[in-house]
Amino acid sequence: MKVCASLGSVDDIRSDELPSADMIEIRADVFDAIPKNILRKGQTGLVSFKNGITMSVVPDDWIIDIEDACRPDLANKIMTSYHNFDGTPDLDEIIKMIGSMDGDIVKTAFKVNSVKDAVTLLNASVSVRKKHVILGMGDIGTVTRIRQRMMKNEFTFAHAGKPTAPGQLSVREMKRLGDDCIITGIAGSDIGYTRSPAMHDAAFEHSGINGKYLPFDTPSLDGIDEFIIGYDIKGINVTKPYKTDILEYVKCDKMSEAVGAVNTVVNDRGKLKGYNTDVHGIEEALKAVLPDTAEKALIVGSGGAARSCAYFLSENGSCVTITGRNKDAVRKIASEFSLRPQEKEYVDIKEYDLIVNCTPLNMDGTSEYPVKIEQINSRQTIFDMVYGRTRLTDTAESKRCRIVRGEDMLAYQGIKAFELFTSVRVPYEVMRAAI
């Protein structure tokens with residue numbers, strides 16, 4: 001992997017990450033002159049020309065990025081560049097754009113808003129014949145930066161202190177990862193809250209595996225199969241609202257087929273296999289607090305997590321009632337798992353030994369629950385799959401209930417997912433501490 005350290009501030013010239021970079025980019029919107037002795041033996045310099053630095057003073061062996069200006073009459077290697085901070089055009093438009101750019105190297109960077117956008121950039125990278133650097137900006141775009149060789153990029157960018165583009169990793173991390181690292185991640189919508197990257201990165205470090213876990217916040221799963229296979233992503237976790245939508249892209253194992261929801265996808269040499277590690281997470285988290293089966297349980301919610309909980313509790317002999325805001329979805333799950341559906345207005349929360357919140361409600365601390373949580377009492381066990389402090393867990397603490405925390409479920413399901421990705425099992429304490 002050939003890494004260019006992009007200096008985002010004057011202070012970056014003192015970064016201890018610079019010696020390991022292959023190239024150093026001096027941005028003319030940050031520096032008014034090229035710092036003396038900035039390059040070490042074997043390094044290449046790049047000046048991104050905006051204003052401030054006169055092109056004629058740039059040494060001949062440096063590359064000059066002129067953006068979209070007219071090509072200067074200089075001996076330097078010239079790079080032309082284009083940035084779109086809003087989105088990614090279609091493939092034909094990108095190819096046409098690159099074809100019209102006059103440079104020894106052409107650089108394009110686009111905001112990646114979906115996994116489909118990232119697929120477009122990968123397809124563009126193998127279609128253009130010019131020497132190029134094609135990058136995606138944003139969290140999903142990070143994968144384009146790591147897979148330099150796959151993208152056929154002349155080099156890739158990293159930061160030495162202050163990031164200069166969204167989705168950039170540090171020089172140190174990029175050099176550690178290299179082109180052939182394992183990439184895993186999580187796909188969902190509005191997942192800025194997720195702690196899975198920290199948890200899985202801790203597992204990679206503990207196991208001595210060269211890997212990176214990335215967030216893929218996407219408005220749809222369109223192209224997810226091409227994305228995983230094309231970028232050689234070893235596997236992904238799937239979260240709201242895609243745990244049932246993902247079924248059309250994978251071959252399910254027996255458990256995930258029975259649950260009707262997948263939260264873990266493994267790329268087995270180009271074949272996508274679906275698993276449900278939520279069931280394992282529910283089982284282990286409950287067992288730590290409630291050794292015996294709950295006689296009467298209430299599930300609140302009707303998404304993929306509710307399906308996993310319905311499967312586990314019904315398989316283990318609990319009498320289960322399910323409620324939620326979506327009546328049709330509640331009835332469907334109730335029918336599939338032989339549960340008792342109940343409209344939320346008629347739920348008497350005091351009837352149940354175990355209450356499980358399978359909704360994302362109260363992540364923002366303001367949403368109202370479908371049931372009257374203030375009526376819970378000390379003999380009950382409360383399981384909130386939302387991690388962090390919520391109004392439900394605060395209420396449960398005040399009533400001295402037994403509490404099963406979402407962080408514990410997350411860690412236990414993560415252990416199983418990591419094992420599916422890597423064939424390595426990490427201790428619970430490693431993932432739980434990272435959360």
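This briefing walks through the overall make-up of the protein and one of its sheets. The model is predicted. In it, the protein has 13 helices and 20 strands, and 57% of its 435 residues count as buried. One part to look at is an open sheet of 6 strands, with helix α12 lying across several of them.

**Overall dimensions and surface**
- Taken along the principal axes, the box filled by the C-alpha atoms is roughly 80 × 40 × 40 Å.
- The accessible surface of the protein is about 18,900 Å², and carbon and sulfur atoms account for 46% of that surface.

- Take the contacts between residues at least 6 apart in sequence: 58% of them join residues at least 24 apart.

**The open sheet**
- If you trace the sheet strand by strand, the order is β10-β9-β11-β13-β14-β12, with mixed pairing.
- At the edges sit β10 (211-217) and β12 (251-252), each of which pairs on one side only.
- In general, strands of a sheet pair through backbone hydrogen bonds, in either a parallel or an antiparallel way.
- Strands β9 (residues 182-188) and β11 (residues 235-238) are a parallel pair, joined over 4 bridges.
- For a handy landmark in this pair, look at T184, whose bridge partner in β11 is G235.

**The helix across the sheet**
- Helix α12 spans residues 406-422 and lies across β9, β10, β11, β13 (264-268) and β14 (271-275).
- Relative to β13, helix α12 runs at about 10°.

Conventions. Residues numbered from 1 in each chain as written. Predicted model: local features only at pLDDT ≥ 70, side-chain atom pairs only at ≥ 80, totals over all residues. Heavy atoms only, no water. Pairing = 2+ DSSP bridges. Helix = DSSP H or I, 4+ residues; strand = E, 2+ residues; numbered from the N terminus. Contact = heavy atoms within 4.5 Å. Axes fitted to C-alpha atoms, helices over the stretch in contact; angles between N-to-C directions. Buried < 20%, exposed > 50% of the residue type's maximum accessible area, 1.4 Å probe, protein only. Areas by Shrake-Rupley, 256 points an atom, 1.4 Å probe, with all protein chains shown as cover.
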